[in-house]
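Take a walk through this complex, one chain at a time. Keep the viewer open as you read.

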Amino acid sequence: MDAGAKVIEIIAEQAVIDPSDINLDHSLEDLGIDSLGLVESIFAIEEAFDIAVPFNANEPSAGEFDFSSVAAIIAAVEGLVRDKA
Amino acid sequence: MRRVVITGAGTINALAHDVDGTYKALREGRCGIGPLEIRDVDRLSVKIGAQVRGFDEAAHFNRQQITLYDRFTQFAMIAARQAMHQSGLEISGELADRAGVVFGTSGGGLTTQDENYRAVYEEGKNRVHPFIVPKLMSNAAASHISMEWNLRGPSFTVSTACASSNHAMGLAFQMIRSGICDAMLTGGSESMLCFGGIKAWEGLRVMSHDACRPFSANRNGMVQGEGAGVFVFEELEAAKARGAEILAEIIGFAMTSDASDIVLPSREGAARAMAGAVRDAGIALAEVGYINAHGTGTAANDRTECAAVAEVFGSHAKNLMISSTKSMHGHLIGGTGAVELLACLMALRDGVIPPTVGYEAPDLECALDVVPNEAREARVEVALSNAFAFGGLNAVIALRRYSG
């Protein structure tokens, strides 16, 4: 499974919807994922890819990780996976 | 003075997953203690406990709830649902602001702590689930109860080891009696039957390796249980006005501190608590027909508790019945007083005194009517429920049969 499909699967599970209902330009807010859901999604992504996602709930936009859309999240995860290799 | 009554009860414990099943087991003198089924039990020297069995969390809670509910919170929510269902109380509007939850637990989310310490220390993981803190915190059960039933008044957790539930229920009683609140959910929950939980208790050398035999000459220690008990307390006139079924009246409560030793019990502290509860209730000593004992099955507790009963009740001590239902449901630590309050409700409502099972040999230092091994039919007007915690913190509740 490629990174994009895995990220979508994680986000879909949090949003309690089918992965096929997720569009790349959806934001997490569009999908009804709140701040706790975001933290859980980050945890699941870190576990799935064995990466550390820079995120502080006090300043959600401060990190370099872009959470603005599903596509942005996938790109950021791919970047972290590349950096690890 | 405002009067306080119980209009709902719920429980899950080793005997049953509801109140009726628990009453049935208490009547039958059935023991819920058995071999522990937990991870790494082979590394424990204590291998028995009163575990809640046949419990499927997914049958009660959705995925998000399970993510946030430690086992002790799950037990609390199940018991609270039953209690609210029985009471039929609707909490909204002004009542919501005058309703709260005071809840007892000693270990809180101990199982969650145990699992996650294992993950980071033993398994070397560097990351734990983001909700470990809200899951393990000791007020998690109280908070989730408040959210589920819209309790917007005073709500908090009481943690006084083995007296946690009695302190919680006593405070809930006082809040309604004094006019601070009109309705309270109260009781306690505990789930310490995990490797770390038992391992810590082993160290004290107070646990039995084979059975819980309170008051019996051959008793050799306590046996831990798990579960929860939750009650709906209401002001009497409000309960009557809405036509609620009243299960019993809470008539008195007293708390004392031994101020002497961190583990050894004190006859004097226990006696002051029982005498205080009777005085608070404004009744005569002779009206007390049944005492649900703290009765842990340790040499020290049972001897000291019986001496305290003899001191407080004098010649009436021989007339009253005193039993330890821990012999059946185990010692639920911070949840124990809540499950034991059910034993008092059964005695008052059904006229059935639950026994002390596992009783094999009389002890001259426990020479009271401990209702050995078989339940007994008897009409009881007033019952006391004792709790004497490590740390010397004692809490005794007095209840009266409600006859309208």
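What follows covers confidence, then chain A, then the sheet and domains of chain B.

This is a predicted model. The predictor gives the complex a pTM of 0.95 and an ipTM of 0.83. Chain B averages a pLDDT of 97. In that chain, 100% of the residues score at least 70.

Begin with chain A. Its secondary structure comes to 3 helices and 0 strands. Read from the N terminus, the order is α-α-α. The radius of gyration of chain A is 12 Å, and the globule rule gives 12 Å for 85 residues, so chain A is as compact as a globular protein of that length. Along its principal axes, the C-alpha trace of chain A spans about 30 × 30 × 20 Å.

Now turn to chain B. Here 10 strands form an open sheet with mixed pairing. Their order across the sheet is 5-4-6-7-1-8-14-13-9-10. Strand 5 (155-158) and strand 10 (321-323) of chain B stand at the edges. Each has a single partner strand, so one side of each is left without a neighbour in the sheet. Neighbouring strands of this sheet are turned by 25 degrees against each other on average, direction ignored.

Zoom in on one pairing. Strand 4 (residues 99-104) and strand 6 (residues 183-190) of chain B run parallel, joined by 6 bridges. One residue pair to find is B:Gly100 with its bridge partner B:Met184, in strand 6 of chain B.

Helices lie across the strands. Helix 14 (residues 336-350) of chain B lies across several strands, including strand 1 (4-13), strand 8 (248-257) and strand 13 (382-389). Helix 14 of chain B runs at about 165 degrees to strand 13 of chain B.

Domain 1 of chain B brings 62 residues to the contact, and domain 2 of chain B brings 56 residues.

Which elements build the domain 1 side of chain B that touches domain 2? Strand 1, helix 1 (19-28), helix 8 (164-178), strand 6 and strand 7 of chain B each supply at least two residues. Helix 8 of chain B gives the most, with 8 residues. The residues on this side of domain 1 of chain B divide into 27 nonpolar, 29 polar and 6 charged.

Notes:
Residues numbered from 1 in each chain as written. Chains lettered and ligands numbered in written order. Predicted model: local features only at pLDDT ≥ 70, side-chain atom pairs only at ≥ 80, totals over all residues. Pairing = 2+ DSSP bridges. Helix = DSSP H or I, 4+ residues; strand = E, 2+ residues; numbered from the N terminus. Axes fitted to C-alpha atoms, helices over the stretch in contact; angles between N-to-C directions. Contact = placed C-beta atoms within 7 Å. Nonpolar A, V, L, I, M, F, W, Y, C, P; charged D, E, K, R; others polar. pLDDT = per-residue confidence, 0-100. Rg over C-alpha atoms; globule rule 2.2 N^0.38 Å.
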